[in-house]
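Notebook open, model loaded. I want to look up the pocket and the ligand.

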Amino acid sequence: MTLKLKRTPGLYLVGFMCSGKTTVGRALAEQLGWCFVDIDSEIEAKQEKTIRRIFEEHGEAVFRDIETDTLRDHVTKVEAGRPCVFALGGGAFVQPRNWELIENNGVTVWLDCLLDTILQRLGDDLSRPLAADREQLAQLYGDRRPLYSRADFRLEVDTDDVEAIVKKILDLPIF
Ligand code: S3P
């Protein structure tokens, strides 16, 4: 295991909506025997509201504050030595205030997915507030790429083969 991961055993999956962070993260954590934290699910459980409702009732800025607080709470557990795989919401890694928190506490992996694949996976899903307008979504996709590229590793993941993606992660020179 690299020194970085040895010091704070957090593995953070970042990337755009529908790039497979949750599905891959859960399977990876199972293989590693690490705990799995899906930040969006944690937010919904704690707030007892869907993300869509949080956006509707309080707006994006409040959601981002909750997201950072949730992330901080869980990173504290990693700092204390608990190995965890994290699936971050698509906007979490583009917030500069979250960078330090994440980058100093483990390794980041960008699951990079083509926009066409994302659109296909989204289908008619209405649960993601920032995906409602497909033109804005395409703009967001382009704007965020340079920010995701801050991640320690980038993997192209235009496949539904979860095991193959997990293997790619396990083959990274970090374990
Ligand atoms: C968001 C992505 C969503 C969720 C929220 C905002 C974004 O998570 O956090 O709707 O800003 O890209 P997923 O990436 O898991 O869809």
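This is a predicted model: local features need pLDDT of at least 70, side-chain atom pairs count only at pLDDT 80 or more; totals for chains, interfaces and linings use all residues.

Entry one, the pocket. By that cut-off I get 28 residues lining the largest pocket. Met 17, Asp 40, Ile 51, Gly 89 and Arg 128 lie nearest its centre. Which elements give two or more residues to this lining? I find α2 (21–32), α3 (39–47), α4 (51–58) and α5 (60–79). Sorting the lining by class, I get 9 nonpolar, 10 polar and 9 charged residues. For the space in the largest pocket I note about 530 Å³.

Where does the ligand sit? I find it in the largest pocket. There are 13 residues around the ligand, and Lys 21, Asp 40, Arg 64, Arg 128 and Arg 144 come nearest.

I checked side chains against oxygen atoms of the ligand. Lys 21 has a polar side-chain atom 2.5 Å from a ligand oxygen. For Arg 64, I get 2.6 Å between a side-chain N or O atom and an oxygen of the ligand. Arg 144 puts a polar side-chain atom 2.7 Å from an oxygen atom of the ligand. How much of the ligand does the protein bury? Taken alone the ligand exposes 390 Å², and I log 95% of that as buried by the protein.

Key. Residues are numbered from 1 along each chain as its sequence is written. Side-chain values use heavy atoms; hydrogens and water are left out. A residue is near a molecule or strand if one of its heavy atoms lies within 4 Å of it. A polar contact is a pair of N or O atoms within 3.5 Å; within protein, one must be able to donate a hydrogen and the other to accept it, and residues adjacent in sequence count only if both atoms are side-chain atoms. Accessible areas come from the Shrake-Rupley method with a 1.4 Å probe; for residues, only the protein chains shown count as cover. On a 1 Å grid over the protein atoms alone, a cavity is a set of points where a 1.4 Å probe fits but cannot get out, and a pocket is an open set with protein on both sides within 12 Å along at least five of seven lines; lining residues have an atom within 4 Å of a point. A molecule sits in a cavity or pocket if more than half of its atoms lie within 2 Å of its grid points. Grid points are joined across faces, edges and corners, and a volume is the space filled by probe spheres set on the points. Helices (H or I, at least four residues) and strands (E, at least two) are DSSP runs, numbered from the N terminus. Ala, Val, Leu, Ile, Met, Phe, Trp, Tyr, Cys and Pro count as nonpolar, Asp, Glu, Lys and Arg as charged, and the others, Gly among them, as polar.
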